[in-house]
There are 2 protein chains.
Amino acid sequence: MSAIGVIATLTVAEGKNADFEAVFAELSAAVRANEPGNLFYTLTRSRSNPQVYKVLEQYVDQDALTAHGASDYFKAAGPKLGACLAGAPEIEYLDGL
Amino acid sequence: MSAIGVIATLTVAEGKNADFEAVFAELSAAVRANEPGNLFYTLTRSRSNPQVYKVLEQYVDQDALTAHGASDYFKAAGPKLGACLAGAPEIEYLDGL
């Protein structure tokens, strides 16, 4: 079992920040309530570009990350988050140590 | 009071990975033991370049981040970590939400 880190970089369209943050808040509450294998799921915003958000995430193992992506609430949030974005998300997977 | 996220990207010199990871393990244990204002301090490694490490960090506020940087153990770790690096660290500060 190896932990996995994720940095998800999301660029939000101008005028969509409040919508994005509301959808994300609902998603992160569901993650916290349902995923014992998620260690953190933390939304941050760039100081140099207020349209750029980075989600810092850690999972106890690949199974936990797979369960996250397969959850109903994650799948439901996808189109709602996507409607707020100015481009494709960049997802970086990192090996925990 | 606003949370602060940090992504610290550290490029380790070839052959120094074990030394780096040992120094970091000591530092992260000290952070966990002494910093109630640190929410996580997680070492990860790039999957595309095994010399590149990213530390995912979150603090409850600026005071907690300042206390981290001012701690004796952080100052002591600096030169030991620096001796393992192939270049200057890149530190990105992010606003928590």
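## Strands that pair across two chains

Two strands count as a pair if DSSP finds at least two bridges between them. Keep that in mind as you look at this predicted model, where strand E2 of chain A and strand E4 (residues 90–96) of chain B pair over 3 bridges. The sense of this pairing is antiparallel. To see it residue by residue, find Arg45(A): opposite this residue stands Asp95(B), which belongs to E4(B).

The interface draws 23 residues from chain A and 23 residues from chain B. How big is an interface like this? Three residues stand out on the side of chain A: Arg47(A), Asp95(A) and Leu97(A) provide 31% of what chain A buries against chain B, more than any other three residues.

## Charges and polar contacts

How many salt bridges are there over all chains? A search of the whole structure finds 6. In one of the pairs, Asp95(B) sits in strand E4 of chain B while Arg47(A) sits in the loop between E2 and E3 of chain A, so this pair joins two chains. The closest N and O atoms of Asp95(B) and Arg47(A) are 3.0 Å apart. Across the interface of chain A and chain B, 4 salt bridges are found.

The interface also holds 8 residue pairs in polar contact. On chain A, the elements that give two or more residues to the side touching chain B are strands E1 (4–11), E2 (38–46), E3 (52–59) and E4 (90–96). Which of them gives the most? That is E2(A), with 6 residues. Sorted by class, this side of chain A has 10 nonpolar, 6 polar and 7 charged residues.

A rotation of 180 degrees, with 0.0 Å of shift along its axis, superposes chain A on chain B with an RMSD of 0.0 Å. The two copies are therefore related as by a two-fold rotation axis. If you want to find where that axis passes, look for Leu56(A): of the residues of chain A, its C-alpha comes closest to the rotation axis, at 3.5 Å.

Notes. Residues numbered from 1 in each chain as written. Chains lettered and ligands numbered in written order. Predicted model: local features only at pLDDT ≥ 70, side-chain atom pairs only at ≥ 80, totals over all residues. Heavy atoms only, no water. Contact = heavy atoms within 4.5 Å. Buried area = accessible area lost by both parts, 1.4 Å probe. Salt bridge = Lys/Arg side-chain N within 4 Å of Asp/Glu carboxyl O. Polar contact = N/O pair within 3.5 Å; in protein donor to acceptor, adjacent residues only side chain to side chain. Helix = DSSP H or I, 4+ residues; strand = E, 2+ residues; numbered from the N terminus. Nonpolar A, V, L, I, M, F, W, Y, C, P; charged D, E, K, R; others polar. Least-squares fit on C-alpha atoms with pLDDT ≥ 70 in both.
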